[in-house]
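Please keep the sequence and the structure in view while reading.

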Amino acid sequence: MLSPLAYGLAVLLNLFIVFIGARFLLAPTASAAGYGVPARPEGDPAYLSVKGVRDLSYGLLGLTLIAFTTADAVAWFMLVVALVPLGDTVIVLRNGGTKAVAFGIHFATAVVVLLDAALLFAR
């Protein structure tokens, strides 16, 4: 029972990050607002594209690992990739974002990713 739950959660998390990455590439201003650090009208939108490519790549890499490797490899990936939403938490807090977004979205995501890594290790 643990394996289907762990793998299902891993698939959902990786599909969601693919969606977030694609959204940052297709609708960067709206995505930045949802991220918690709105884009500045006079600023360079490069970070929005970087975030989009980063998230899209991580999501596709995660799905590839799920499809072609072992649960341990996926667990290690999830453990390491949890650093991204933890870093996003700090970025939002340091750039004027709200604590609700920082902790309610980014930190909560890190916790779920870490939980999934634990489930994958425990399977």
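**Buried residues, contacts and a pocket**

Reader: What is the relative accessibility of valine 37?

Author: Valine 37 counts as buried, a term for residues under 20% relative accessible area, whereas exposed means over 50% and partly exposed lies in between (1.4 Å probe, protein chains only). The reason valine 37 falls in the buried class is its relative accessibility of 11%.

Reader: What kind of model is this?

Author: Residues are numbered from 1 along each chain as its sequence is written, and side-chain values use heavy atoms, with hydrogens and water left out. Local features need pLDDT of at least 70, side-chain atom pairs count only at pLDDT 80 or more, and totals for chains, interfaces and linings use all residues, for this is a predicted model.

Reader: Where is valine 37 found, and which residues does valine 37 touch, not counting those up to four places away in sequence?

Author: Helices are DSSP runs (H or I, at least four residues), numbered from the N terminus. Valine 37 is found in the loop between α2 and α3. Contact requires heavy atoms within 4.5 Å. Beyond four places in sequence, valine 37 touches Ala32, Tyr47, Ile91, Val92 and Asn95.

Reader: Which buried residues does α2 have, and what is the arc within which they fall?

Author: Ser31, Ala32 and Tyr35 are the buried residues of α2. The arc is taken from the directions from the helix axis to the C-beta atoms. Seen down the axis of α2, the buried residues line one face of the helix, because they fall within an arc of 100°.

Reader: Which helices are among those that cover the buried residues of α2?

Author: Just after α2, glycine 36 takes a positive phi of about 115°. The cover over the buried residues of α2 includes α1, α3 (46-68), α5 (83-94) and α6 (99-122).

Reader: How many aromatic pairs does a search of the whole structure find?

Author: Rings of Phe, Tyr and Trp (its six-membered ring) pair if their centres lie within 6.5 Å; planes under 30 degrees apart count as stacked, over 60 as edge-to-face and the rest as tilted. With this rule, the number of aromatic pairs in the whole structure is four.

Reader: What is the angle between the planes of phenylalanine 24 and tyrosine 35?

Author: The pair links distant parts of the chain, with phenylalanine 24 in helix α1 (residues 2-26) and tyrosine 35 in helix α2 (residues 28-35), eleven residues apart. Both phenylalanine 24 and tyrosine 35 are buried. Their centres are 6.3 Å apart, and the pair is edge-to-face, with an angle between the planes of 85°.

Reader: Which residues lie nearest the centre of the largest pocket?

Author: A pocket is, on a 1 Å grid over the protein atoms alone, an open set of points with protein on both sides within 12 Å along at least five of seven lines; lining residues have an atom within 4 Å of a point. The largest pocket is lined by 26 residues, and those nearest its centre are Phe16, Ile17, Ile20, Asp55 and Thr109.

Reader: Which helix supplies the largest share of the lining of the largest pocket?

Author: At least two lining residues come from each of α1, α2, α3, α4 (71-81), α5 and α6. The largest share, seven residues, comes from α1.

Reader: How far apart in space are valine 84 and threonine 109, C-alpha to C-alpha?

Author: Valine 84 is in helix α5 and counts as buried at 17% relative accessibility. Leaving aside neighbours within four places in sequence, valine 84 is in contact with Arg54 and Tyr58. Valine 84 and threonine 109 are 25 residues apart in sequence, and their separation in space is 9.6 Å.

Reader: What separates the C-alpha atoms of alanine 6 and alanine 117?

Author: Alanine 6 is found in helix α1 and is buried, with a relative accessible area of 0%. Apart from neighbours within four places in sequence, alanine 6 is in contact with Asp116, Leu119 and Leu120. Alanine 6 and alanine 117 are 111 residues apart along the chain, yet their C-alpha atoms are separated by 7.9 Å.

How values were computed. 1 Å grid on protein atoms, 1.4 Å probe; cavity = no way out; pocket = protein on both sides within 12 Å on 5 of 7 lines; lining within 4 Å.
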